[in-house]
Amino acid sequence: MASAPLAEARGLSIGTMAAFGVGSLGTGVFSTVPSVLLLFFMTSVLGISPALAALTVFIPKFWDVLIDPLIGMISDRTQSRWGRRRPYMLIGGITMSLFFVMLFSVPAFETPLESFLYVTAAYMACATAYAVFSVPYIAMPAEISSSPEERTTLMSFRMGFAMVGILLGGAGAPFLVDLAGGGRAGYAVMALTIGIVCGIAMLVPVVATRRLGTAASVSADFQFWQGLRQAAACKPFLLLLVTYLLQLAGLGCFSGALPYYAVHIREGSGMTVTLLFVALNVSAIVAMPLWVRISRSVGKVRAYLASSVLLVLATGGLWFCDSETPDAFLYTQVCLMGLVFAGQQLFPFALLPDVLDADARATGIHRQGMFTGLWTAGEKLGLALGGLVTGAVLSWTSFVASSGTVVAQPESALTGIRLAFAILPSLLVTASLLLLVRFRSVYETPSTGKITP
């Protein structure tokens, strides 16, 4: 089969790379706010049981597993004067911000079951719109540059803005809820503000890439199920995907348990969540350029391994931060976690375009959208699994749900919160290391970013 025509190394300008990265501010916010606040919002504001709330977190993500590859295939096959990715990014960016507002603006239903059904439906709509944007968006780097080093730099901009989005979502959203008086009204004000910011951020890369050529003229001629089988048979992709899925499940546990940890272990409020996220993400933003330099010295995979091992130690260390731990020690521990969290976020996305590029060279088919559809499905499934596990642990340890008031929790529930906050994330990242070592074995020359097709 003839080699696929590949994008030339375009020498992307700093401004273009930065503008492309702004889109990740919106995706970072959306991936963070529901992970941090939705479970707590449902159990402690709407009075929904932890078991039902965990289902709400998980069901839309399972839906994403089905639709994300389909969206990717559709964008692969699209030919328009806007290219094959940008039309979907435009539609997804606008609709996602609208559905996000609906997600946290819940009418005063008579029963928790009605609230559960409303939030689940709104979250499914929100997740669908997010997929319409994010799948084409993540596929684009492999098409607009063929240089692995340039793609790493492009991803550093993207993940830098993602860190800002995570900071805005994890720190700013709880602050806005408190500022607006808390309760249903506080969450509604937060959703409106964050939704507008997300919508604007996700439109920026649509405009920024309007003059960049991609592989839009290349037909991706494959059937849906055939594409799924071929993607699953691509060993480097599958190993990288499952590695990242496990790590995100750990992050989902940490994020979902954080509000409970702040309120019930530290006896704080939304401001405590805000400060912890500031410590985590400011450290990550500062460390991002350092990890880029490290990867140029030792290779992306070795740097990814190092950041993951350190993340195991950093998250496990949070177990020793209980109600008696001084604030200075807690925030130092979270800052250390942020320094290595930057690498864990950067390198999967820096390695993904290399995998997609190698697949296009080997097969002659430009199916980046199909692969990134599977990637984003795995990404969301990982976060959802973290939320599902957290909800299950809270239910198993007898957490008491409430409707807007803080109630005393049994000792078993406090232990469950700490397990979900520290131990489970550490164990999940540890499990991912086995797959990451295997991924390294199929990576031909880590220092140059080339993989064995």
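Tyr-187 sits in helix 7, which covers residues 183-208. This is a predicted model, so read every number here as computed from predicted coordinates. With a relative accessibility of 4%, Tyr-187 falls on the buried side, the cut-off for buried being under 20%.

Leu-37 is 150 residues away in sequence, yet the C-alpha atoms of Leu-37 and Tyr-187 are 9.4 Å apart in space.

## Helix 4 and its two partners

Start with helix 2 (residues 50-77) and helix 4 (residues 112-139): their axes come within 8 Å and cross at roughly 30°. Angles under 35 degrees count as roughly parallel, and helix 2 and helix 4 are therefore roughly parallel to each other. As for the residues making up this contact, 17 are nonpolar, 5 are polar and 3 are charged. The crossing of helix 2 with helix 4 is right-handed.

Now take helix 3 (residues 86-103), whose axis also comes within 8 Å of the axis of helix 4, with a crossing angle of roughly 155°. That angle makes helix 3 roughly antiparallel to helix 4, since the label applies over 145 degrees. Here the crossing is left-handed.

## Two salt bridges

How many salt bridges turn up in a search of the whole structure? The search finds 2.

Lys-300 comes from helix 11 (residues 300-316) and Asp-354 from helix 12, so the pair ties together parts 54 residues apart in sequence. Are these residues buried or exposed? Lys-300 and Asp-354 are both buried.

Thr-390 is part of helix 13, which takes in residues 368-396. Is Thr-390 buried or exposed? Its relative accessibility is 1%, so Thr-390 counts as buried. A polar atom of the Thr-390 side chain lies 3.5 Å from the backbone oxygen of Cys-253.

Further along, Ser-398 is placed in the loop between helix 13 and helix 14 (411-441). Its phi angle is worth a look if you're checking backbone torsions: the value is near 70°, which is positive in a residue other than glycine. Ser-398 has 42% relative accessibility and so counts as partly exposed.

Definitions and conventions. Residues are numbered from 1 along each chain as its sequence is written. This is a predicted model: local features need pLDDT of at least 70, side-chain atom pairs count only at pLDDT 80 or more; totals for chains, interfaces and linings use all residues. Side-chain values use heavy atoms; hydrogens and water are left out. Axes are lines fitted to C-alpha atoms, for helices over the stretch in contact, and angles run from 0 to 180 degrees between N-to-C directions. Helices (H or I, at least four residues) and strands (E, at least two) are DSSP runs, numbered from the N terminus. Angles under 35 degrees count as roughly parallel, over 145 as roughly antiparallel, 65 to 115 as roughly perpendicular and the rest as oblique. A crossing is left-handed if the near helix is turned anticlockwise from the far one by less than a right angle, and right-handed if clockwise. Ala, Val, Leu, Ile, Met, Phe, Trp, Tyr, Cys and Pro count as nonpolar, Asp, Glu, Lys and Arg as charged, and the others, Gly among them, as polar. A salt bridge is a side-chain nitrogen of Lys or Arg within 4 Å of a carboxyl oxygen of Asp or Glu. Buried means under 20% relative accessible area, exposed over 50%, partly exposed in between (1.4 Å probe, protein chains only). A polar contact is a pair of N or O atoms within 3.5 Å; within protein, one must be able to donate a hydrogen and the other to accept it, and residues adjacent in sequence count only if both atoms are side-chain atoms.
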